[in-house]
Amino acid sequence: MRVHIATDHAAFELKNYLVEQLKSVGHDVVDHGADAYDAMDDYPTFVIPCAEAVADEGGLGIVLGGSGNGEQIAANKVRGIRAALACSSELARLAREHNDANIISLGGRMQSLEEAWEMVDTFLNTPFSGDERHQRRIDQITEHENKD
């Protein structure tokens, strides 16, 4: 599976770890940066292009930052994105299963590298349930999003 990933300085180490983990299990990883640690960089610079790529390709993505909050907000400003902030594997699973989220947002300062990988792996391997009630709600969100 093609997986897009992006971070600012606050989760630079986590991004590098996840890229290696993703590649080791056979994912095609597109790294939208940051490419080098810069304590003054800004997450929208990396997160928005990552989210745009996910929206354009219909794939899945990972956005990272200190808490994951701003990154989730930035990703959700891109039409077609449903980014979910996760702090547990259960939330990662529910984001896919119930909300058909296409981006997971994690905080680099919120959990261990191993816990982050568990959440990402769960997210990537959980399909959307397709239940009518969940699809109906997603359709309502999409309808609102597409209003001009």
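## Elements of the chain

Helices (H or I, at least four residues) and strands (E, at least two) are DSSP runs, numbered from the N terminus. By this rule the protein chain has 6 helices and 5 strands. Their order along the sequence is β-α-β-α-β-α-β-α-β-α-α.

The model is a predicted one, in which local features need pLDDT of at least 70 and side-chain atom pairs count only at pLDDT 80 or more, while totals for chains, interfaces and linings use all residues. Residues are numbered from 1 along each chain as its sequence is written, and side-chain values use heavy atoms, with hydrogens and water left out.

## Overall dimensions

The C-alpha trace of the protein chain spans about 40 × 35 × 25 Å along its principal axes. A compact globule of 148 residues would have a radius of gyration near 15 Å, and the 14 Å of the protein chain agrees with this. The radius of gyration is taken over C-alpha atoms, and the globule rule is 2.2 Å times the number of residues to the power 0.38.

Of the 148 residues in the protein chain, 45% are buried. Buried means under 20% relative accessible area, exposed means over 50%, and partly exposed lies in between (1.4 Å probe, protein chains only). Contact means heavy atoms within 4.5 Å. Among the contacts in the protein chain with a separation of 6 or more, 70% are between residues 24 or more positions apart.

## Helices α2 and α3

Helix α2 covers residues 44–57, and its axis comes within 8 Å of the axis of α3, crossing at roughly 45°. Axes are lines fitted to C-alpha atoms, for helices over the stretch in contact, and angles run from 0 to 180 degrees between N-to-C directions. Angles under 35 degrees count as roughly parallel, over 145 as roughly antiparallel, 65 to 115 as roughly perpendicular and the rest as oblique. α2 and α3 are therefore oblique to each other.

The crossing of α2 and α3 is right-handed. A crossing is right-handed if the near helix is turned clockwise from the far one by less than a right angle, and left-handed if anticlockwise. On the α2 side, Val47, Ile48 and Ala51 meet Glu71, Ala74 and Ala75 of α3. The residues of this contact comprise 5 nonpolar, no polar and 1 charged. Here Ala, Val, Leu, Ile, Met, Phe, Trp, Tyr, Cys and Pro count as nonpolar, Asp, Glu, Lys and Arg as charged, and the others, Gly among them, as polar.

## Alanine 74

Alanine 74 belongs to helix α3, residues 69–76. Alanine 74 is buried, because its relative accessible area is 8%. Apart from neighbours within four places in sequence, alanine 74 is in contact with Tyr43, Val47 and Ile48. Alanine 74 and valine 47 are 27 residues apart in sequence, with 6.8 Å between their C-alpha atoms.

## Helices α4 and α5

Helix α4 (residues 89–99) packs against helix α5 (residues 113–125) at an angle of about 20°, with the axes 8 Å apart. α4 and α5 are therefore roughly parallel to each other, and α4 passes α5 in a right-handed crossing. Ser89, Ala92, Arg93, Ala95 and Arg96 of α4 meet Glu118, Met119, Thr122 and Phe123 of α5. The residues of this contact divide into 4 nonpolar, 2 polar and 3 charged.

## Leucine 124

Helix α5 also holds leucine 124. Leucine 124 is buried, because its relative accessible area is 5%. Not counting residues up to four places away in sequence, leucine 124 touches Met1, Val3, Leu22, His27 and Leu60. Leucine 124 and methionine 1 are 123 residues apart in sequence and 8.8 Å apart in space, C-alpha to C-alpha.
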